[in-house]
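Welcome! Please take a look at the sequence and the 3D structure below, and then we can walk through some of its parts together.

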Amino acid sequence: MAHRILIVDDAPIIRLMLKDILTVNGYSVIGEGNDGNEGIEKFKELSPDLVTMDITMPEKDGIRALQDILAIDQNAKVIVITAIDQRDSLMEAIRAGATDYIIKPFETDRVLSAVRRAFGEE
Amino acid sequence: MQTPGFRPEKAVELIAQLSIDRASQLLSKLVKTGARISLEKAYVTDLSETTARINGEEVQGEVIGAIIDVTGDAPFKFLFYAEASSCLLLTDLILQRKVGTAKECDIYVQSSVQEIGNILASGVCGVFAADFDIRMRPTPPKVVHDFLGTVFQEFVMETAAETDQVLIIESRFHLDRYNLSCNMFILPLPGTEEVINNICKTKFKGE
């Protein structure tokens, strides 16, 4: 059965790009969230195998959402996504327990590599 | 006292050029085609004069812009905008679709501008962080789809309330193979100019 992934990003175009990359490569995108709060709600509702989480989002940002998700399930796999040159945010996310990271603008190979590593497929 | 050899205009121009070089690289990577960004001007001006000039620019139809507040040691406001028709093309390039696929300004087109603004503003922050050891963080972009004068008014609104004299760094983008141009404005907020000047005095002493 395909791994089930939740995409959380406030930019619809990034959600579309990620969804295309993941579904073409055999993963199942089971839900999308527009901000951190929606991401947490969808996480509770869908129990995905993996979450991709943008860091810079309105309402609740990706780092706080990551912390909340890990408080719900300490084994949750969350890959954070951030724009290039945001090293401080990235380090904060890693310290908070992110599984891996992807830098925007991203290449398909980098996305797949991070996802496969998270599932122990690489 | 002025540091010997210190020329603030030249230093600000250099910071602007570093930022723009970084933005060119990022935009090229995002749209998968060569992007050239040229520094038009870095200047101190009256906001009212600039607003009047922007209002007089010959932009046909509406533009889509992303406004980003960058917080931290040297806060600034960032604006990226392009004519709505150009944003359709940008969306096709980002999604690697046949040019002409995007027909209307839907959420994906607005989101393309949002993401370009986000990535470019982050790139500019990166220049400040890496080269000048200043910490800054962009907030989520606000997308505005309207006539250029209205978008620019929104961009400068808060700053105009505090001062009329502002430093504006203005640049223009061109994408290879496509007849498309976009614009980027960086508007340092009050206090930031002082930080930049201090950096310049130590980093560019004697240049």
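A residue counts as buried if 20 or more other C-beta atoms, placed from the backbone, lie within 10 Å of its own. Helices (H or I, at least four residues) and strands (E, at least two) are DSSP runs, numbered from the N terminus. This is a predicted model, in which local features need pLDDT of at least 70, side-chain atom pairs count only at pLDDT 80 or more, and totals for chains, interfaces and linings use all residues. Residues are numbered from 1 along each chain as its sequence is written, while chains are lettered from A and ligands numbered from 1 in the order in which they are written.

In chain B, ten of the eleven residues of helix 3 (residues 84-94) are buried, so this helix is largely enclosed by the rest of the structure. Among the buried ones are B:A84, B:C87, B:L90, B:D92 and B:I94. Just after helix 3 of chain B, B:Q96 has a positive phi of about 55°.

## Parallel strands in chain A

Strand 4 (residues 78-83) and strand 5 (residues 100-104) of chain A run parallel and are joined by five bridges; strands pair if DSSP finds at least two bridges between them. A:I81 is opposite A:I102 in strand 5 of chain A.

## Two packed helices in chain A

Helix 1 (residues 12-24) and helix 5 (residues 108-118) of chain A pack at about 65°, with their axes 10 Å apart. Axes are lines fitted to C-alpha atoms, for helices over the stretch in contact, and angles run from 0 to 180 degrees between N-to-C directions.

Notes: Buried ≥ 20, exposed ≤ 12 C-beta atoms within 10 Å, placed from the backbone.
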